[in-house]
Amino acid sequence: MTTAERADSHMLDLLSGFIIELRNAGLPVSLTENLDAMEAITHIPIEDRDAFKYALAATLVKNNSHWRAFETVFEVYFSLRGREYSIGGSGDLPEIDEDDQPNVLPDTGGAGAGGAGEAMSPEQMAEALFQALRRGDDALMKAIARQAVTRFAGMEPGRPVGGTYYLYRTLRNLDLDNILDRLLQQAQDDAPAPLTQFEERLERDEFETRIDKLKKEIEAEIRRRLVADRGVEAMAKTLRKPLPEDIDFMHANREELVGLRKAIYPLTRKLAVRLARKRRHGRKGPLDFRNTVRHSLAYGGVPAEPKFRYPRPAKPEIFVIADISGSVAAFARFTLQLVYAISGQFSRVRSFVFIDGIDEVTRFFEGVEDISVAIHRVNTEADVVWVDGHSDYGTPSRCSGIGTAGKSDRRPPF
Amino acid sequence: MDYRFESPADVRTRLRSVDYLSDEAIAGVVFLADRLGKPILVEGPAGTGKTQLAKSVAEVIGARLIRLQCYEGLDESKALYEWNYKKQLLRIQAERNNESTWEDIETDIFSDEFLLTRPLLEAIRATEPVVLLIDEVDRVEIETEALLLEVLSDYQVSIPELGTMEARQVPMVFLTSNNTRELSEALKRRCLFLHIDYPEMDREKEIVLTKVPELTENLADQIARIVRSIRQLELKKAPSVSETLDWARTLLLLGVDSITEAEAIETLNILLKYQSDIARATRELQGDGGARKPGVPRTS
């Protein structure tokens, strides 16, 4: 292992810990990939943090949906370290750059200058934040993120709390929604002519992006301090982000569900491709007589090479019967979405939803391009509550002539 | 072995000189691929410059680009090599009258002369620098992927009748994938992985300015902003970089110097290719999309 020898041994320890943590988080890292990573970093100047990160990513992460999990682990293992990140050290923050400060607060007479922000009142801080966001000043935003964490998160050394709690406390104090409103108002006032809704929309997207950036910065800051306080291993475990494929459906939070929805779209395409291939696989279409005879000319009229038409196997019909009662609604939604995304693969899709009554909802999906609109209509319009609104699996199986109770005159499915 | 690039920064500047604006991830991975002698698997949405990356790298290092376009049903004879059996048959027939033995003929007909090289073998046997581009590798069946493995890991091709042919130099190899199916672990393991996503707003603006230099900075900025806003919507197909460029050219032809709502909506069909997407974006740009957070005072 010549490459390993070259890497210095502390680095090696850190890296193997890193890789073990990646595996714990569920990323499939093989031994070869591990060796590749070791070799890769010998070519990268170690002080270039970004290059280092991308070198590890390119060799270890082979699936884009694992990127977030990788990034979290990376941030924990290779977090910036130093005295200024310790939880207790709020008083002597040397990092709030002197050269950033003098022009920060033109309106309030530069009250924050030199004093490392300690002297700033909450109002001044809000004002500084407002200015930073308005101008998209990254350096100032970082400084404020650090200040805000020191001041609002109320972090205590050794306390076994995850980062979310601190994040929530910090954000609540910053009141970003209010600041967004102010920013928009300011943009309105600054514009020579009143902004059209279109322009306002663009402005808002811009500010929202900046605010997102600030949130990320705050999150990173909290993470850095937690790591400094409680050590790498403990934090890696606490902060671990599940891979999209490992998220427990019933306990997914909103952000995770959005992630899932994004993950489903390419999934359906993959599934459709696979279904089409599978049905075609190993089949040949009927004999193409003309083509065979034409090719037989090359063999002096002997049909030595039979030709077949392109196989077009019949598509199956599918019936979806989904329970949409509260407890499993998220999952039902997922199923309906999946089925309609691959509806091209079926000759006909009919869907029924039930709680303790059952109703056909195919009509909601007809001619609707946007599946979420259709699902919304299903949730509001479908007639599925019969007695008490609790799931009754007997009803759909009893009513095999689904929807026959005067609701649908269509051919029953079974 | 000589390296082609000195540092990730070198990759970036040189790619920029051929009008390809990379970012840190792209430059870093290209640099590593050169150093480690490994193929790069490039993945990402359509139209983000995956194929163009290979072309640009080839141009930068002055190499010939050999391209293997993958499709369902690609096989050995199209990807690696094939024996020119028609010529072999002729040869056997021509030998019939002579006194030569079967061994003579056999060694003769399985020689270089009768070998038809296909892209992979061609890249291996090239003496000059080459860049091998295996495009849309996700289109081949999973069994066919195995054909690539020997080439990708050892840069060699085994031909039973001739023996193993090793590469005279390690070519740079790019594989692109649109992610229509999961590639096999074996293939992924041999490659460096690079995901190219839609660019950040600033980079997109730069790309627009580089590719359509006649645009004013102001307009390019507006274009990048609007495209970013549109990408945030939930669409069937978000606009890609190439569509952004088409849009920029369109606006240039129309002589627009500042995009208004009406102009944006009229030309949306350049950016978006589904009617439902266009309808949705129109609704959103007009400002009455219900999906946004309420609670912002409107003064106008």
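Helices (H or I, at least four residues) and strands (E, at least two) are DSSP runs, numbered from the N terminus. In this predicted model, B:Leu133 sits in strand β5 (residues 130-135) of chain B. Chain A has 17 helices and three strands.

This is a predicted model in which local features need pLDDT of at least 70 and side-chain atom pairs count only at pLDDT 80 or more, while totals for chains, interfaces and linings use all residues. Residues are numbered from 1 along each chain as its sequence is written, chains are lettered from A and ligands numbered from 1 in the order in which they are written, and side-chain values use heavy atoms, with hydrogens and water left out.

**Interface of chains A and B**

- In chain A, 44 residues are in contact (heavy atoms within 4.5 Å) with 51 residues of chain B.
- The size of an interface is often given as the accessible area lost when the parts come together.
- About 4600 Å² is buried between chain A and chain B, and carbon and sulfur atoms give 48% of that. Buried area is the accessible area (1.4 Å probe) that two parts lose on being put together, summed over both.
- Three salt bridges are counted between chain A and chain B. Each is a side-chain nitrogen of Lys or Arg within 4 Å of a carboxyl oxygen of Asp or Glu.
- A:Asp36 forms a salt bridge with B:Lys38, with the closest N and O atoms 3.0 Å apart.
- On the side of chain A that touches chain B, the elements giving two or more residues are α3 (31-42), α4 (49-60), α9 (176-190), α10 (197-230) and α12 (254-280) of chain A.
- The largest share of that side, 11 residues, comes from α10(A).

**Around B:Leu133**

- B:Leu133 counts as buried because its relative accessibility is 0%. Buried means under 20% relative accessible area, exposed over 50%, and partly exposed in between (1.4 Å probe, protein chains only).
- Leaving out residues up to four places away in sequence, B:Leu133 touches B:Thr51, B:Ala54, B:Leu65, B:Ile66, B:Arg67, B:Leu68, B:Phe174 and B:Thr176.
- B:Leu133 and B:Glu150 lie 17 residues apart in sequence and 16 Å apart in space, C-alpha to C-alpha.

**Within chain A**

- Of the 414 residues in chain A, 44% are buried.
- Helix α13 (residues 289-296) of chain A has A:Asn291, A:Thr292 and A:Ser296 buried.
- The buried residues of α13(A) fall within an arc of 135 degrees seen down the axis, so they line one face of the helix. The arc is that of the directions from the helix axis to the C-beta atoms.
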